[in-house]
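Biologist: Can we go through this one together? I'd like to start with how the chains meet.
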Amino acid sequence: MNMNRRETLKSLLLAPLGAGIASAAGCAGGGRVNWTELPREYSYGRTAAERQRDRELFAERYFSEHELITIATLCDIILPSDHPNGGALDAGLPDFVEFIVKDMDYLKTPVRDGIAWLDSHAIDAYGADFIGIEEAQRLAICDRIAWPDVADPALQAGIRFFSLMRDLTLTGYYTTAQGFRDLGYQGNVANVWDGVPAQVLARHGLAYEAEWLEKCIDQSRRDITAAWDDDMNLTS
Amino acid sequence: MSNQETYDAIVVGSGAGGGMATWRLAQAGLRVALVEAGPWYDPADDSQRTQFRHPWESPRRGASTRLRPFGDFNACIGGWELDGEPFTTAEGTDFRWWRARMLGGRTNHWGRISLRFGPLDFKRRDIDGLGDNWPIGYEDVKPYYDQVDKLIGVFGTNEGLPNDPDGFFLPPPKPRLHELYYIRGARRAGVPVYPSRLSILTKRINRERGVCVYCNQCSRACGLHADFSSSTVLVYPAVATGRVDVYTNTMVRKVDTGPDGRATGVSCIDRETRGESRLNGRSVVLAASACSSARILLNSTSAQHSSGLGNSSGHVGRYLHDSTGASRAAFLPELMDRDIYNEDGVGGMHVYTPWWLEGASLDFARGYHIEIGGGMNMPAYGFGFAANAYKRFLGERVGGYGNALRDDVRRFYGSRLGIACRGESVPQFGNYCELDPNTVDDWGVPVLRFNYRWTEQEINQARHMQDTMEELLEASGGILLGEKPGLDRQYGLARPGEIIHEVGTTRMGDDPATSVTNRFGQLHDADNVFVADAGTFVSQADKNPTWTILALSWRTSDHIIERMRQRSL
Ligand SMILES: Cc1cc2nc3c(=O)[nH]c(=O)nc-3n(C[C@H](O)[C@H](O)[C@H](O)COP(=O)(O)OP(=O)(O)OC[C@H]3O[C@@H](n4cnc5c(N)ncnc54)[C@H](O)[C@@H]3O)c2cc1C
Ligand code: SF4
C-alpha cells in the first residue's frame, strides 16, 4: 500500500452549508480540507471470519461529513503537514479514525461527544462551530484543552477528548511509512543481530562482559550445522 | 470423511504434544491419523503470512480484536473466546482459557521460552510437604530433553545450575541495550542473570529449516521455520514420511471404546459440514491441550466407563493449575534520546533470571523466574499514546500539540523497561474443570466449567514478585510506572489461566486411585489410550511447560512403539 497523498485525495468542503464562514485550516486550502484516502481492501493472512468482519466495518458509515471535517481539522492541528515527513492528513487520519472507532466501538461515543463539546465551546466563545471559526480561534481553544494538568472543571471533557485525539493521531501517523521515516525506525527487515553498536555502548558507558560475549553466537558460523560432543559442548 | 482403515495410532490435536507424538510414531513406521480441530497452517504461505508485514497493512494497525486478542498480526487463530465453543465458570471463579484452533495449536505464537524442569521440580513434596511428587524424576526425562534439544534446536548456555539443567544449546544472541541496563541493575541487586533459553535457531541445525534473521516476530510464526512451531517443525516432516493422514477442521467428540473397555477409535465432527464420522485405531493419543483432553475423556462415557473414560478415580479435571504471574515496568531516563538502530533481535528476550532463592526461608512455597521486555519495537496501534507522559518525571509539562510532539515521540522511544515474573503454584484437588450439565457447544457437545481459586501461597508469592520487580527496576536506573498493587488486588497476581500454562488435569501417578495415567501417560483404565499434553503434569514448575510436554510426549510415544513391537497393544 502506498501512502503517497498525491495518489488518492479525499476532499471535503471545510465549511458545509450553514456552518458559517469557510476558512483555511492547516494544510487545507480554498475552503477545502484534503487528506490521503486509505485503502479499503487489505490482505494480510486473514481468516474468512476476519475478512467478513472487516467488510462489515468498511460498509458501515459512522461519522457525518461535519464530524469528519472536524476530525480532519483537529488532527491537522495536532500533527501538521508542513513537515518533510508529512502530517496527519498525509497519513489519512480521518479515514483511520473512522475505521478505528467502528472497530473499537467503545470509542464511538467519546469521539462523537467530544466533537459536540468542541462545537458548543466554539459557539459559546466565538459564535460558530469549531470548523466555522478563525484558525487563531481554533488554536486558542486547543491551547485551553491540550494540557492535562489544567484543573478547570469546565474544560475536563474537552481535555479528555483532545488527549484521545492526540493518541489516535500519533498512533495513526507513526504506523505509516511517513511515521516510520519520521521516527527513523530501522527494524522489520531481515538482518543479523550482532549486539549493540560500539558507539552506542560507549555513549551509554556500558560494555559487554567478556565472559558473557564468549557464550554468544559467532555470526560468521551461523550457517554451519550445529554438532555437539557428548558433554553438551557445541563443536561446530 | 469415512475411512475403513484401522490406524496404529490416532493422535488428537497437533500442538506441542500431538505434533511430537505424530512425528515420533510416524518416524518409527506406524500409520497415524492426526486429527486437528482447526485448519491447515503454514506461516510461509502468503495467504496466511503475517510476518514482516508493516503496521499499515492492517486497517487497525495491528490492534487486537476479539478474533486476534494478542494483536492483528499475531499468528493465533483463536484466543480467549471461540465462536461456537463456550466454556463456563463456577461462581467465584475468574478463570481464563486461551485456545488455538489451527495446525500446530498454540505453538505457532507461543513465546519460545524453552526451559527444562530441574531435579527438584519433580519432587516438590519432598521439599515443602505440599502437593505430590511426580512418579518420575529428572533422570527419566533427561534423555528426552536431550533429544528434543537436538531435534528442535534451542539457544541457551550451560551454567551448571542445580535446578536449571544444562542442555544441547545453540549459542545465544548478544543482549540488547535495555537488557544491559537490566544486567547491571540485577548485579547491583545481587540477582543473577543469564542468557535466555529460546527455541529459535541462531545457528543452522538442518537443511529443511532456515536460520533466524532477527525480526523479533516469532509471535507471528516464522516463514523461515527458524523457530519452533509444532506445525512447521514436527507435522510437516511427519507428513513427509507418507504414513500420516491429517484430518483438519475435525473435532474429536469422544473416544469410542469396545466391550473390553479399550479404545477402538474416535468419533469426530467435521466443523465445516457438521457431519459426524469415525476413525478406527489400535491406540489413541490425546493431545488436545490439558483441559480439552480432559473434556474429551469426560465426554467419553460408556457402560465400562460410566463417569468418563479414565475417570474411575474421579481425578480427570482435578489438580488443574496454571503458573503465577505479575508484571511491572519503568521509564529509564538513560534510554532517552536514543540512537536509533535495528535492535529487533529474536522474538523474545535475550537475557533472563531463573529462580535464585531456592532453600531461602520465605512466606510462600516454590519460586518464579523473571522475564525482561523493552526496546525499540515496531510501532503498532497504541504507539504514541500518552506520547510525552514521561515528561512528568522530568518536571516538564505533559500534553500539547504540533510538531514538537515528533520530538517527544523520538525522545522517549525505547525508554521503557518491563519485567514479568512467572512462578509455580501449588496444585489443589479443589481446583478443577468438569462438564457443565447445562451448556453444550455448537455441535451439541457438553462444555467445560472451571472451578479455580488461588491460595495464600500464590498471593504471598505475588507480593514477593512485586518487591523484587521494584528493586530490580530501580537498580536498573528506572523510574517506576503505575501503582504497586496491594492485597486488595492480590498483589497484581494474574488471574488463573491468564499465563496460559494450564496443566495437571489428567495427572500421572503410580496409584490408580489418585491419578489418571501411569508414568508413561497411559490411562490406568484403558491401556491403549494415552495423554501426551500437559494434563499429565503432577506439578508445573516455575519453568514454562512446553519443553517438558515435548519430552514427555516423545517418551510416551517410545512406550507406544515398544508396546506395539512387543504386540502388547
Ligand atoms: C502467547 C503465548 C505464549 C506462550 N509462551 C510460552 C513459552 O514461552 N514457553 C512455554 O513453554 N509455553 C508457552 N506457552 C504455552 C504453550 O503454547 C503451550 O504449553 C503448548 O502449546 C501446549 O501444547 P499442547 O499440545 O498441549 O496444546 P496446544 O498447543 O494448545 O494444541 C492443542 C491442539 O489441539 C486441538 N484440539 C483441541 N480440541 C480438539 C478436539 N476435540 N479435536 C481435535 N483437535 C482438538 C487444538 O485445535 C490445538 O491445535 C505460551 C502460550 C501462549 C498462548
Ligand atoms: S525472530 Fe527469527 S525465528 Fe523469530 S520469526 Fe523472526 S526470523 Fe523467525
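Biologist: How many residues of chain A are in contact with chain B?
Modeller: 65 residues of chain A are in contact with 70 residues of chain B, where contact means C-beta atoms, placed from the backbone, within 7 Å. This is a predicted model, in which local features need pLDDT of at least 70, side-chain atom pairs count only at pLDDT 80 or more, and totals for chains, interfaces and linings use all residues. Residues are numbered from 1 along each chain as its sequence is written, and chains are lettered from A and ligands numbered from 1 in the order in which they are written.

Biologist: Which helix of chain A gives the largest share of the side that touches chain B?
Modeller: Helix 6 of chain A, with five residues. Helices here are DSSP runs of H or I with at least four residues, and strands are runs of E with at least two, numbered from the N terminus. Helix 6 spans 156-174, and others that supply at least two residues include helix 1 (48-59) and helix 9 (210-215).

Biologist: And how does that side divide by class?
Modeller: Into 36 nonpolar, 15 polar and 14 charged residues. Ala, Val, Leu, Ile, Met, Phe, Trp, Tyr, Cys and Pro count as nonpolar, Asp, Glu, Lys and Arg as charged, and the others, Gly among them, as polar.

Biologist: What is the secondary structure of chain A?
Modeller: Nine helices and two strands. Along the sequence, the pattern opens β-β and continues with α.

Biologist: Switching to ligand 2, which residues come nearest?
Modeller: B:Cys212, B:Cys215, B:Cys218, B:Cys222 and B:Asp227, out of 15 around ligand 2, counted when the C-beta atom, placed from the backbone, lies within 6 Å. The shell has ten nonpolar, four polar and one charged residues.

How values were computed
Contact = placed C-beta atoms within 7 Å.
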